[in-house]
Amino acid sequence: MEDRVQDGTETDRYGFMGGAGGPTEDIPPEVLRQREAKWLDMLNHWDQWMAKKHSKVKLRCQKGVPPSLRGRAWLYLSGGKVKREQNKGRFQALDSQPGDPTWVDIIERDLHRQFPFHEMFVARGGHGQQDLFRVLKAYTLHHPEEGYCQAQAPIAAVLLMHMPAEDAFWGLVQICDKYLPGYYSKGLEAVQLDGEILFSLLKKVSPVAHQHLKKHGLEPVLYMTEWFMCAFSRTLPWASVLRVWDMFLCEGVKVIFRVGLVLLRCMLGSQEKLKRSQGLYETMQLLKDIQPHYMKEDFLVKEVVESPVSERDIEREHVFQRRLWEQSHGELRSPSRMHGARAIITAEPPGHRDFQQDPGILVEASGSPAEEAASGRKKKNKKKNKEQEAKEGPGDTSQTSHPSGDLSPPHQGLVCQASNQSLSSEEHDSYL
């Protein structure tokens, strides 16, 4: 896809001006079209795929969701689609309220900090910043006991780059409630606990890196807080961010742990590498300036997929670290998280109508082989009837029968008025 030019400023395929989104890898068009067709089939039969072919969904998320369908796929994976259907009008009701003045003021001051080089958020008061404000304000009203945390802004901004405000709101709710519960609450205790889990898992993945961090007393919260709370959206090149999120929303927080472990191992995993980080300060700088080739899309995804760390490892370590935490800090009030899309759809089964589509464009899909054969027979019969009519001569046209009794022109029922709202909450599918 070629860069676009607007007002003399080039934007890359992700909408970042000046190529701030980083390098990208091109997928052959024919491969992309095949993936889009497969994803459209999955999304149109989502509950069946999740129930019977989850491993296939997982594999396709690891390969990457097609850009044209990423927003809809993320909404389905996170369970945001079901939440939206089960709470119709909820976002509109929250959006119409003024909000708590304290949170409103803090949110407004944070808006210009979110991806300032992206075309959607570059203009102060532009539609991107307005929608970001709406989503974050609605969340503070939806969860007044939590309010707003600054790390939620980049999460919401990433979602808004791929979907309308209402969908982004429900995506944010699902990430905060199901994937990363307790992360954005006062005290950040859930994040600190996951830091301890990460550090303990590192001993298994890279004993050298673990020993180095332990030697210099570098607490996990100092280097992993932004990684985890922002789901690496502020750390990785954009192509890698999107691939990580594809897997994260499918498989859960396990992916975030794996990415963190890969980066720690790659930067601190050998004595040769540690020569550049002899002290605490040098180590912190090393982890802030991760070498680009370790963050490249193809390398990182391969390492994450092949990582030996499993959900069971994380949960086992969670039980152990939580016990230690409560012995020294008291009771930890953090709700249980769900490890990805299958866990969410199992815990909260969708209703019959929750995955019904309401596309803005109607197209005639290619039929099955049986339908095509039937269509061929109809054409042959029609041809024979015309030949017969030609032999018999013109008859009484008022008695001519119509297959369905409908005298309307063909495809009249397929006319669909286009929406004049470019950011509505209807399904935006790409029919290719």
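Colleague: What makes the length of helix α1 (residues 29-44) agree with what a helix of 16 residues should span?

Modeller: The expected span is 1.5 Å times one less than the number of residues. For the 16 residues of α1 that gives 22 Å, and the end C-alpha atoms are 22 Å apart, so the two agree. Helices here are DSSP runs of H or I with at least four residues, numbered from the N terminus. Bear in mind that this is a predicted model: local features need pLDDT of at least 70 and side-chain atom pairs count only at pLDDT 80 or more, while totals for chains, interfaces and linings use all residues. Residues are numbered from 1 along each chain as its sequence is written, and side-chain values use heavy atoms, with hydrogens and water left out.

Colleague: Why do you say that the buried residues of α1 line one face of the helix?

Modeller: The buried ones are Leu32, Glu36, Trp39, Leu40, Met42 and Leu43. Buried means under 20% relative accessible area, exposed over 50% and partly exposed in between, with a 1.4 Å probe and protein chains only. Looking down the axis of α1, these residues fall within an arc of 160 degrees, so they line one face; the arc is taken from the directions from the helix axis to the C-beta atoms. An α-helix has 3.6 residues a turn, so residues three or four places apart point the same way.

Colleague: And what covers the buried residues of α1?

Modeller: The cover includes α2 (46-52), α3 (54-63) and α4 (70-78).

Colleague: Staying with α3, why does Gln62 count as buried or exposed, whichever it is?

Modeller: Gln62 sits in α3, and its relative accessibility is 16%, so it counts as buried. Beyond its neighbours within four places in sequence, Gln62 is in contact (heavy atoms within 4.5 Å) with Arg243, Met247, Glu251, Val301 and Val305.

Colleague: Which class does His210 fall into, and why?

Modeller: His210, in helix α12 (residues 207-215), has 9% relative accessibility, so it is buried. Not counting residues up to four places away in sequence, His210 touches Phe199, Leu202 and Lys203.

Colleague: What about Gly125: buried, exposed or partly exposed?

Modeller: Gly125 lies in the loop between α7 (101-110) and α8 (127-142). Its relative accessible area is 45%, so Gly125 is partly exposed.

Conventions: Helices (H or I, at least four residues) and strands (E, at least two) are DSSP runs, numbered from the N terminus.
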